[in-house]
Amino acid sequence: MNGGGVVTRPAPELEVGGFYFAGDDQLRVTSWNSLASVAVVVTGRFVHADDARIEPFSELHTPATNRTAASSTYTRARGWLTDLSVLVTGATPQRGQTFVRVDVVRGQGANAIPLSTLLQGYVTATQRLAYPGSPIVDSLTGPGTLRSITGTDPAAGLEISETVPTGARWRFASLRAALVTDATVANRNASLNFDDGTNIYAAAAVNFNQAASLTFVHHFVAVGQSFAQTSTQVMVSTPANLVLAAGHRFRTVTSAIVAGDNWGAPQYAVEEWLEAI
């Protein structure tokens, strides 16, 4: 109180809307990605507590390309993060190929303590994530990316075998492959088996004989029934909505197969998500 009877108080500390950083808090960007040449750009604005200075910033994060987690940490001063957005540059991933999480952490390296998640979800070159505003969703929610894949061409006498890669989850859609039989007299019958790496949990069997010296093109797809379109085109019905975890397989099993029989490289379609764990 001064001589005139007026009460004086210190000026209040600056107050700004947004997420407050105490000086030892940091931004941590973690990504899961399956596409080459992807770079994640993190932009935003930060208000410094000491002088109310508004600092626009831009950080560049490089994801791995094998669906494993990659993290970068960015130090922030004391103040408020008012807004933040994430976008991809350097490539054009589809939804389902680049998943990003931005956390506020305290501490360094493996000892850092996550305090809050600001945003989390799939991001592309045209669809960004933003704080505040974007919902926090897991990597298996919503549609994945649609992929058409040329599989491994097995050697003569061997079967087709395709495995869901580490860090991925697939919904099987269809597979097309040709089987060429040699002159050995025998009827071949193929099936497409789905297993967890050991145990079969679903299968689609061909109901038509393929004799010697023929080429049959097999189409495995959820069509409701199996039938031969022509003498060389076979449609095989598979179970609908088959979702396969990492390490699961689909592979042909051909009865009476001989060393001279030859499956060609399969072409198959799947819907893929990232297992962001």
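This is a predicted model: local features need pLDDT of at least 70, side-chain atom pairs count only at pLDDT 80 or more; totals for chains, interfaces and linings use all residues.
I started with E3 and strand E4 (residues 54–61), which pair in the antiparallel sense over eight bridges. For me, strands are DSSP runs (E, at least two residues) numbered from the N terminus, and two of them pair if DSSP finds at least two bridges between them.

Residues are numbered from 1 along each chain as its sequence is written, and side-chain values use heavy atoms, with hydrogens and water left out.

Next I checked what else E3 touches. Ten bridges join E3 to strand E6 (residues 79–89), running antiparallel; Arg45 is bridged to Asp83 in E6. Is strand E3 (residues 39–48) mostly covered or mostly open? Mostly covered: seven of its ten residues are buried (under 20% relative accessible area with a 1.4 Å probe, protein chains only; over 50% is exposed, in between partly exposed).

Then I went to the open sheet, whose four strands are ordered E5-E2-E7-E8 with antiparallel pairing. Strand E5 (70–75) and E8 are the edges, each pairing on one side only. Inside it, strand E2 (residues 25–33) and strand E7 (residues 98–106) share nine bridges in the antiparallel sense. Gln26 has Val105 in E7 as its bridge partner.
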